[in-house]
Amino acid sequence: MELKTDRLIIRPWRDEDVKHYLAMSVDVGYNCFTPPGVYLVKDQAEALEKVRARMQNFSNFGIGKFPIFLKATGEFIGTCGADKFELEGKSEYELGYRFMLNHWNKGYATESANAVLDYLFKKLKIPQVHAFAVYQNPASLKVIEKVGFTYLRDFQWFNITHRLYVKSCS
């Protein structure tokens, strides 16, 4: 699997992506709306474990939060993809994206989200996908709405109120 847009390449993780995981683990933009320490690793070995866990998730389910690279330069800029999450006792799919701070506000979230949604609906035949973000992240909420999600309600994730959205395959 490799997704290409006008400006981006989105693909599964590889062992050599450890350097990208290390970079994102300490980037303030990447971690801005994440509970502290979720992506933090102490060394390259721990980063490799995290990368391999992501590789295994893709191998098992065809999903994950994939690394994104600029097509023009090959630069790593963030991640986008889907993971399973539990919602009211039911396993659902959640679209998510995160970008390094110097790549915010350039349209990459919308571009990558549309490519990943196309993959989820057309290739994997997933009937519906959820997305959520905190009120304090209006840029992410705007992306969620721009790519066609419908607001459902507020809900708690990691004991923090998020706006929950859904999009069905159409």
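This report covers the cysteines and the aromatic rings of a predicted model.

**Cysteines**

The whole structure contains zero disulfides. A disulfide needs two cysteine sulfur atoms within 2.5 Å. For C80, the closest cysteine sulfur is that of C169, and it lies 17 Å away, so the two are too far apart for a bond. Seen from C169, the closest cysteine sulfur is that of C80, again at 17 Å. The surroundings of the two residues can be stated as well. C80 is buried, because its relative accessibility is 0%, while C169 is partly exposed, with a relative accessibility of 42%.

**Aromatic pairs**

There are 13 aromatic pairs in the structure. The table gives two of them.

| Pair | Centre to centre | Angle between planes | Type |
|---|---|---|---|
| F58 and F66 | 5.6 Å | 80 degrees | edge-to-face |
| F85 and F132 | 5.3 Å | 55 degrees | tilted |

In the pair of F85 and F132, distant parts of the chain are linked: F85 belongs to strand β4 (residues 76-87) and F132 to strand β6 (residues 128-134), 47 residues apart. F85 and F132 are both buried.

**A charge over a ring**

Another contact involves the ring of Y151. The charged end of R163 sits over this ring, 3.9 Å from the ring centre.

Methods: Residues are numbered from 1 along each chain as its sequence is written. This is a predicted model: local features need pLDDT of at least 70, side-chain atom pairs count only at pLDDT 80 or more; totals for chains, interfaces and linings use all residues. Side-chain values use heavy atoms; hydrogens and water are left out. Buried means under 20% relative accessible area, exposed over 50%, partly exposed in between (1.4 Å probe, protein chains only). Rings of Phe, Tyr and Trp (its six-membered ring) pair if their centres lie within 6.5 Å; planes under 30 degrees apart count as stacked, over 60 as edge-to-face and the rest as tilted. Helices (H or I, at least four residues) and strands (E, at least two) are DSSP runs, numbered from the N terminus. A charge sits over a ring if NZ of Lys or CZ of Arg is within 6 Å of the ring centre and within 35 degrees of the ring normal.
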